[in-house]
Each structure stands twice: as structure tokens, then as C-alpha cells.
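Hi everyone, thanks for coming. I'd like to walk you through one structure today, so please have a look at it while I talk.

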Amino acid sequence: MDAIPITWLVSVLLAIAAYGLAWNTRIPGRARVLLCLFLLCLVGVTVLLGMRVSFGWLWPGRVQPFVAVLAAPLAYLGFAVLTIDTSDRWRGLLVRNGVLVLFAVVALAAPLPVSEDVFILTINCIYLYRMAGLLRLGPDGFHAVAPHTIGLWRAAIIATLAFIGLMIVIDGLVLGVSLFAREPQIIALLTGISGLFVGFVCVLALVGVPLILQAAQPGTANRAAATDADRALMERLDRMMHEKTLFRDSSLTLARVARRLSIPARDLSGAINRTTDENFPRFINGYRIAYAQSALRETALPVTEVMLEAGFVSKSSFNTEFRRVTGQTPSQFRSKGAEN
């Protein structure tokens with residue numbers, strides 16, 4: 001069977017997956033962008049692969065490594081951004097990973113006596129390890145998503161790990177054969193097989209994830225029922241938040257609040273998850289946004305000062321959370337309040 005229709009069919013399926021992901025508003029914006037770029041990188045790889053294998057063109061083989069080396073970092077960043085709660089941390093994450101990817105791109109472009117596959121395999125192994133580290137995080141580690149979707153996101157990470165792992169194995173096999181076997185038919189065959197496996201595994205792993213997340217109903221999936229003890233604990237927590245206004249401390253942590261309540265942090269986190277279907281950062285941000293709403297209605301303080309008074313340190317985080325809770329930006333909220 002001719003390779004063009006098969007590899008390009010994979011490209012079409014990946015492009016459809018990227019389109020569906022781009023319009024899934026349940027997924028945070030930065031994660032959507034990065035995961036879409038990840039899928040589009042794979043579209044580029046499979047298109048170039050079809051050109052190289054089917055037509056025997058040389059230039060796609062020279063371009064393909066530069067596209068392939070971006071895939072794993074983009075996948076990792078797409079999931080890692082869900083664990084970021086401030087713009088400073090986000091910028092730091094971009095810088096650290098950008099430097100590593102830039103080094104790999106420069107190495108690919110340099111006339112070194114080393115196979116390009118070595119650099120791609122190295123990058124993929126590094127990001128396989130980094131992405132696996134995300135699985136150690138609990139619900140409170142994923143700041144940008146609701147607790148009831150954590151299981152789905154873990155499944156997506158595991159599926160992507162399996163995909164990258166398979167890509168490493170197959171690319172390693174292709175590299176080994178290219179070093180020790182000189183039959184061009186064997187190398188072309190292995191290259192074609194690697195493209196098919198990678199493409200279809202990616203489709204199976206990632207096309208369904210946006211659909212699952214879209215279908216998940218907030219507050220129902222994977223959520224345990226709250227107990228009387230949970231509700232009593234939440235009453236104590238709510239009373240403390242209103243009396244002490246701890247939420248205005250931008251460095252407030254789950255552990256510090258738990259110590260004030262004289263309970264284990266794990267118990268507090270579980271009670272918040274079960275009673276509100278939110279993790280600790282989003283729960284605390286609810287108090288901050290309520291405080292900011294009052295300040296915007298009742299004072300003439302600048303929005304930036306309101307943001308700091310409420311406990312936020314990042315304007316982008318403040319605007320994102322304010323819009324999530326109220327459906328408006330802080331400026332829109334103040335303007336409508338003035339009109340009323």
C-alpha cells in the first residue's frame with residue numbers, strides 16, 4: 001500500500017484532534033495552546049515523513065528533526081502549566097525549557113559528526129522523566145483545574161508518556177538499524193512503521209481526552225460525598241478566613257492553614273475537595289475574589305492596588321481568576337457597578 005495516504009491520514013486525524021482541543025474551553029488557555037502546538041508538531045512530522053518515504057525527497061528529512069525535537073517539550077509544558085499559579089513561575093518554566101530546546105536545535109543545525117536522532121532521543125528521554133514527575137503531584141498541585149478532573153488529566157499524562165516512550169523505542173530501533181544495517185529498504189520500512197505507530201498511538205491517546213473532559217460534568221465525576229466532619233471543618237475554616245482574612249497573605253499555603261486548624265494538611269485538602277469540588281488554591285482564590293469585588297464596589301482604589309490587597313501578586317492570575325468567578329474582568333465589574 002502506498003505510504004502517502006496512510007501517513008497523511010494520520011496527519012488529518014491529528015489536525016482534527018488539534019482543532020477539537022483548541023475549542024475545548026474546559027481546558028485552561030495556555031494548556032490548550034501548548035497541547036495544540038504539540039499535536040501540530042506531530043502533524044508536521046507525519047507530513048514530512050510521508051514526503052520523505054513516498055517521494056524520496058531529501059529536504060523533508062532535513063526539516064523533520066527540527067519539528068520532532070519540539071514535540072515532547074510542548075507536551076510537557078502543556079501539562080506542567082496546569083501546576084503553575086503565578087506568572088513568575090510560568091516565565092521561569094518557559095526560560096528553563098526554552099534554553100534546553102534551543103540548545104538541541106543549535107546542535108541539530110551544527111555540522112557535528114553525530115546522528116540527529118541522538119539529540120531527539122535525548123530530548124525525549126529528558127521530557128519523559130519530567131512528565132513522569134507530574135504524576136507525583138496531588139490535587140492541590142494542579143492549580144488550574146478542578147479536582148474532579150484530576151483523574152482524567154492523570155490519564156492524559158500517562159497516555160502521553162506511553163506515546164513518548166514508544167517514540168523513544170522506535171526511534172532508537174531506527175537509529176540502531178541505520179548504524180549497523182546498510183539496506184535502504186529496511187531503514188525506509190522501519191521509518192514508515194515508526195511514523196504509523198507514533199501517529200496512531202497519539203491519536204488514540206489524545207483525540208479522546210478533550211472529548212472526555214468535555215463530557216465530564218463538574219461536581220459529579222470522581223467526587224466522594226462530603227461527611228458531617230468535612231462540613232464542620234469547613235465551617236471552622238470559613239469562620240477563620242472571615243475573622244483573620246488569612247487569604248490576603250499571598251504566600252498562604254495549605255500546610256499553614258492546616259496548622260492553624262490543628263489538623264493534618266491531607267484532611268483539610270480532602271474536606272475542601274469533597275465539599276467544594278475545588279482544590280486549595282482555587283478555594284482560597286474564591287475568598288480573594290469576593291474581597292476584590294467588595295473593594296471594587298465600595299472604594300476608588302486602583303485595580304492593581306485592589307489586586308494586591310486581596311492577596312494576588314500577578315495581574316494575569318488576578319484577571320484570570322476574576323473572570324473565572326464573575327465572568328467579567330475587574331474593570332468591567334467596576335464599570336457595571338458604577339452604572340448601577
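Let's start with helix 9, residues 228–244, and helix 10: their axes come within 11 Å and cross at roughly 105 degrees. Before I go on, please keep in mind that this is a predicted model.

How do we describe a crossing like that? Angles from 65 to 115 degrees count as roughly perpendicular, and therefore helix 9 and helix 10 are roughly perpendicular to each other. On the helix 9 side, the contact is made by Leu233, Arg236, Leu237, Met240 and Met241, and helix 10 answers with Val257, Arg260 and Leu261. By class, that contact has six nonpolar residues, two charged ones and no polar ones.

Now stay with helix 10, residues 254–261, and look at its packing with helix 11, residues 265–276. Here the angle is about 100 degrees, and the axes are 8 Å apart. Helix 10 and helix 11 are therefore roughly perpendicular to each other as well. Helix 10 brings Leu254, Ala255, Val257, Ala258 and Leu261 to this contact, while helix 11 brings Ala265, Leu268 and Ser269. Which classes do we find there? Seven of the residues in the contact of helix 10 with helix 11 are nonpolar and one is polar, with no charged residues.

Let's step back to the whole chain. The protein has 15 helices and zero strands. Of its 340 residues, 45% count as buried. Among contacts with a separation of 6 or more, 71% are between residues 24 or more positions apart. As for the surface, the protein exposes about 17,000 Å², and carbon and sulfur atoms supply 64% of that.

And what about the inside? The largest nonpolar core has 56 residues, and the members touching the most others are Tyr76, Phe79 and Met131. Helices 1 (3–22), 2 (29–55), 3 (59–80), 4 (87–109), 5 (116–134) and 6 (150–180) each supply at least two residues of this core. Which helix gives the most to it? That would be helix 2, with twelve residues.

Leaving aside residues up to four places away in sequence, Met131 touches Ala72, Ala75, Tyr76, Phe79, Ile157, Thr160, Leu161 and Ile164.

Finally, there is a second, separate core of 20 residues, including Met240, Val257, Ile272 and Tyr287.

Technical notes
Residues numbered from 1 in each chain as written. Predicted model: local features only at pLDDT ≥ 70, side-chain atom pairs only at ≥ 80, totals over all residues. Heavy atoms only, no water. Helix = DSSP H or I, 4+ residues; strand = E, 2+ residues; numbered from the N terminus. Buried < 20%, exposed > 50% of the residue type's maximum accessible area, 1.4 Å probe, protein only. Contact = heavy atoms within 4.5 Å. Areas by Shrake-Rupley, 256 points an atom, 1.4 Å probe, with all protein chains shown as cover. Core = buried A, V, L, I, M, F, W, Y, C linked by side-chain atoms within 4.5 Å. Axes fitted to C-alpha atoms, helices over the stretch in contact; angles between N-to-C directions. Parallel < 35°, antiparallel > 145°, perpendicular 65-115°, else oblique. Nonpolar A, V, L, I, M, F, W, Y, C, P; charged D, E, K, R; others polar.
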